[in-house]
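Please open the structure in your viewer and keep the selection tool at hand.

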Amino acid sequence: MRINLLGRVELRTGDGGPVGLPGSRRTAVLTALAVELNRMVPVERLLDLVWEGAPPATARAALQGHVALVRRALEGTGLELLTRGAGYLLAGDPDTVDAHRFERLCAAAEQAGPERAIGLLQEALGLWRGPALDGCGSPTLRERAGRPWEAARLVAAERLAERLLAAGRESEALAHLTVAVEAQPLRESAAALLVTCLGRAGRTADAEAAYERARTALAGTGLAPGPLLAEAQLGLRRAALPTGAALPRATRGFVGRARELAWLDRTAQSAGARPVLVSGAAGVGKTSLVLSWGRQQAERFPDGRLYLDLRGFDEDRPAAPGALLADLLRALGVADEELPQRVEERSALLRWVLTDRRMLLVLDNAASYQQVEPLLPGAAGVLVVVTSRARLADLVAREAALPLPLEVPGHEEAVELLGRAAGPDRVRAEPEASARLVELCDRLPLALRVAGARLAARPGWSVADLAAEMSDEQGRLAALATGGSLGVAAALGLTRAALPPAAARLFGLLGLFPGAAVDARAAAALAGLPLPAARAALAVLDAAYLVREVSPGLFARHDLVRLYAAGVAAELPAKARESALDRLLDHYIAVTGRAADLLGRVAADAPQPEAEPGTDTGPEAGTEPGTEPGPEAEAEAGTGPRPGPQADPLGEHPGPPGPARAIEWFRREERTVAALVEAALTRGRDARAWRLAYGAGSLYYHDGRYLPQWEKVARLGLLAAERCGDLAAQVHLRTDIGITLDGQGRPEMLDWMRRTAAEAERVADPAVRDRCLTVVAGAVFAAGRPRDAVPIMERVVASCEAQGRPVLTARALDNLANCLCEAGDPERALALTARALDLIEDRPDDPLQGSFLSSRAATLHALGRREEAVEDSRRAIEVAERHDNIRLLLHQLDEIATVLGELGRPDEAAAAWQRAIELLMAQGRPADHLRQKLAVLGRV
């Protein structure tokens, strides 16, 4: 049994379950006795506390009843409520009451060594869940007993901060001191510690501000700063040494980085006069790494280790080389009167002073090569380590600097870093939530330290609480800020402030981009820039670690950078945002059009869905999404719901160079396309919304793995087309939805397509009706009525022939052949497939070849001509592989395996089915029906 007083008053069982004790008076009785655990509480005092100094005449009798009920609740718990003379006594182990355990831990910490004291105080403060005696049922009791414990809590936080500060763990100490000072601004001891801690952490400006706040608060009561605050300010002044002073204390929160430390060890032995460049994103831990390594290198650098903060990304301008040289020279013993005036002369003097010395020189937070170059001594015995949140390519090119790009730590190191800040026990107690929180922080050390500090300052929070708060993207950056100058957004803001205007503008506009990675052409469209200018701006952002070029021309962003950019974009003028969105939509409409062309739209058709492995084939949608011909075929195509691809904002079609690359592009961009359709609809870009939704249809269809996503996009496009009043577009998108319903095995598909067919009859363009009727025929076929599908497809064939569209005619013939074969007329079906192949004979690389060969193979199989069926199946598989048509490949592997099994070639059949299973598993789709076929062969 446990009684919790440090927060909401609770009575809990040994396993943590709550024990109900209804009624404020009973809670007050339990609280008053628990406060005085193992000490007798007189009845008169209980009456005064429970009834707030005004007990009624019946109070004594009521108190006896409350005591009886409390005693009953405590039975068998190890806590015993006893009657003692004129009062009551609650007897038990003090550790069962959190407030008494808190007192015991604090007392033990006073007698313990430094490290043990830190652990004891952290455990003591971790018992607090909120204001002491919250909900105790007696304001008088809460005031009398709760106030001393609240004061003791602040003392404990102060003692813990003192010990953390002595151990060099400034970042952890800051979390506790911030809470203490906020709770009691007039507590001079806590304010003095906060000033000292900020100063030792190198945050001089924040330390000065903390001193000024304390001074102002005291002045408001007519008091002046006492000796503690005065000494803290004096220490701050003493610490304001030249920036060339010895290395500052390494960050105690530093963990891991074994590979990088080993690299620095090796490099230091062989660098000679070449500088080392440690670069990386803001908050990735560059300075911590270098200082932690440098503190271990006293023997390697017997003449000293110097540190210089170049302030390259401070709010003020970067420090000038002349002033930095003066600081360095002073630190090396050069008197002010001996300092030359000109930068070149100071640089020469530095080289002379460092001749023949063996030293480490850390140039931290460099803005540019121009800032660093005068500070390089060029002496083989002096190792210069430069840190920067820019790649400083000029330093590498001109000085042969040895680069160490610093990435975020691995997952395990990141979890350990979080534990250093929040407390390792808390992280170990919630491994799943801690892992989630680490990834929400992008494993960025700065973000992990801030998140850990928030947890350390709020012992009543669980790790899951903070992870849940940060799961909301809208507030994630706000959750990773301390309220001062420390935070992810603040660090990124300093990086952005150092960008040239063109790169800064592009960075803000990238906040409108919904995808994980943006290519250079999309960035150019978004910003309305020529491609070379966009590439140049992206190169600047890459050099500043705001984007990463993950492959040539493709740039990714960490989530925290993406969220920060979205905030920047939200501050742009509305007109600028809308124009950028329009350019981006036009770009994606053009690229999806180009990709559809590469998948077969130039042929006025696209590869059609095959049945899932193990099912029958039926008619295929004769003019699937994106099947309008390109410019060279417009005379044949007639008019569709859109007048061909939109003009590319760059003046050219930027799509991938071939069908396989088109699908590769779409798999990378599918989420972006879907998000853009939704954004266009939300912002009233209805025409662009449905054009992009419809244009992406053939890509969704050809890939075959995104049916639920395609359905959602098509429904958004349909809503946009309805707003535009474009009936042809509505029919096309309703047909797209029908195809997705069919692919998902949804029973409403047939009724949906019948209603769509009725709408299609109102459209003037026969191609729209033909496409819709083809899908209707497919639905009828899939319902097990191939004979009913035959007249529907015959009507489509006649329509295509009347329009003089040979490619669409070939497709319609192929679909009709599938219906006839299943309806029991394979001879006529074989003649139709031969005719379809003849119509595209002059297009040997057309993806339709695969579909037609597949249909002929099925017809030959039905006629018992199995060897010929195997040969056509192999050719269909080759076409499917060449064009990365997963639908056709899955269907044809199942078909050829079936025929090979009938031919008595079980090894070949098993190999085909096994390959189909692997493809389905790679897509996360079920494959049990194929495993059953393998089992029949005895190959599972």
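Select Arg 458 and Trp 461: the arginine lies over the face of Trp 461, at 5.2 Å from the ring centre. A charge counts as over a ring if NZ of Lys or CZ of Arg is within 6 Å of the ring centre and within 35 degrees of the ring normal. Next, select Arg 734, which lies over the face of Trp 752 at 4.1 Å from the ring centre.

This is a predicted model, in which local features need pLDDT of at least 70 and side-chain atom pairs count only at pLDDT 80 or more, while totals for chains, interfaces and linings use all residues. Residues are numbered from 1 along each chain as its sequence is written, and side-chain values use heavy atoms, leaving out hydrogens and water.

Now select Phe 666 and Tyr 700. Rings of Phe, Tyr and Trp (its six-membered ring) pair if their centres lie within 6.5 Å; planes under 30 degrees apart are stacked, over 60 edge-to-face, and the rest tilted. Here the centres are 4.8 Å apart and the planes at 85°, so the pair is edge-to-face. Phe 666 is buried (under 20% relative accessible area, with exposed over 50% and partly exposed in between; 1.4 Å probe, protein chains only), with a value of 0%. Tyr 700 is also buried, at 1%.

Tyr 706 is buried. Finally, select the cluster that ring pairs form from Phe 666, Tyr 700, Tyr 701, Tyr 706 and Trp 710.
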